[in-house]
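Please examine the structure shown below.

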Amino acid sequence: MIGDFQDKAQERLAQASDWIVRLQSDDLTQADGLAFDAWLDAAVENARAYDQALAVWNAVGASAQDVVGQLAGAERRRAKQGLGRRWLVGAGSLAAAAALLIVILPPLTSQPETRTYATAKGQHQTVTLADGTKVELNAETKLVVTLARDERRVVMGEGEAIFDVAADSDRPFTINTGRHVVRVVGTQFDVRNRAGGLAVTVAHGVVEVGPDPEGQPGRTYVLRPGQRLAIEGASAPRLSTIEPTVAFSWRTGRVVYREEPLSNVVADLNRQFAKPILIADPELGRTPISGVLVMDSQSDVVGRLALMLPITAITSPEGVVLRRK
């Protein structure tokens, strides 16, 4: 029963689609108009199907006229060949119109698609969104992605990800990190959103970083390739020049730090390893560190830290504790 109902609904949509093509053709006759009125009056479902099909057709916009021309031409060729009009899905304009309707109807009438992507401790993940955008998620990162007809929107909690955004001037791509919004059209960049602050590094294209419209007012920055914006707490935002591969290095198992507080480095490591790393005192946590850390085993990484700073690592029931030597 359900299948029969769906078949009848699809048949009405196909009929409505065929009428849209016919009514916009150059050789429309008075008989066609009368036939169309009779079809509308035959069943209330016919009128509803026509309204639905027409709404889809109008949503297609300018391209609809090209489709109309092609389908009307096929209609005339079919008439010259002596073929009768067919309501059921088959050859000629009806098949093309019905196929067009079936293809474009769901995305134009459905609600925006929202999907959630998340990584666990020590996990990296690469996803390709429906619009062609590629996203590489670092460990313990969560993204809620909504793709709509007029926008592409990401809500990002704490985490880090590299976005290679597919260009679409009609659908800007925005990333809301809580206090700031990153806006792009098509580009490649890294967003690092941690408790200590936000950092955005651009490899290609142009990225705009500004305050959340619903939050406190603030300055909007326009970043170009090779620029990095760091916003940390109450400190003034820092705009600097950087080689983008430095910010992207985490995806190859190497992390490059430039005068980064030890507390931030340890926070990164705790997203990669199960055993927590603790810092004995706050002052030690503020010690800046520069260098490259290869992310292999936790013991080897901690050993490299001890070579870069005058610290020692002590294993305790709570985890690995870093203390001054």
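Q: Which residue stands opposite Val200 in E13?
A: Leu229 of E13 stands opposite Val200. This is a predicted model, in which local features need pLDDT of at least 70, side-chain atom pairs count only at pLDDT 80 or more, and totals for chains, interfaces and linings use all residues. Residues are numbered from 1 along each chain as its sequence is written, and side-chain values use heavy atoms, with hydrogens and water left out.

Q: What joins E13 to strand E14?
A: Four bridges join E13 to E14 (residues 238-241), and the two run antiparallel. Leu229 stands opposite Leu239 in E14.

Q: Why is E13 called largely enclosed by the rest of the structure?
A: Buried means under 20% relative accessible area, exposed over 50%, and partly exposed in between (1.4 Å probe, protein chains only). Four of the five residues of E13 (residues 227-231) are buried, so the strand is largely enclosed.

Q: What makes a set of residues a nonpolar core?
A: Such a core consists of buried Ala, Val, Leu, Ile, Met, Phe, Trp, Tyr and Cys residues joined through side-chain atoms within 4.5 Å. The largest one here has 28 residues, and Val200 and Leu143 are among those with the most contacts inside it. Apart from it lies another core of 23 residues, including Trp250 and Phe273.

Terms used:
Two strands pair if DSSP finds at least two bridges between them.
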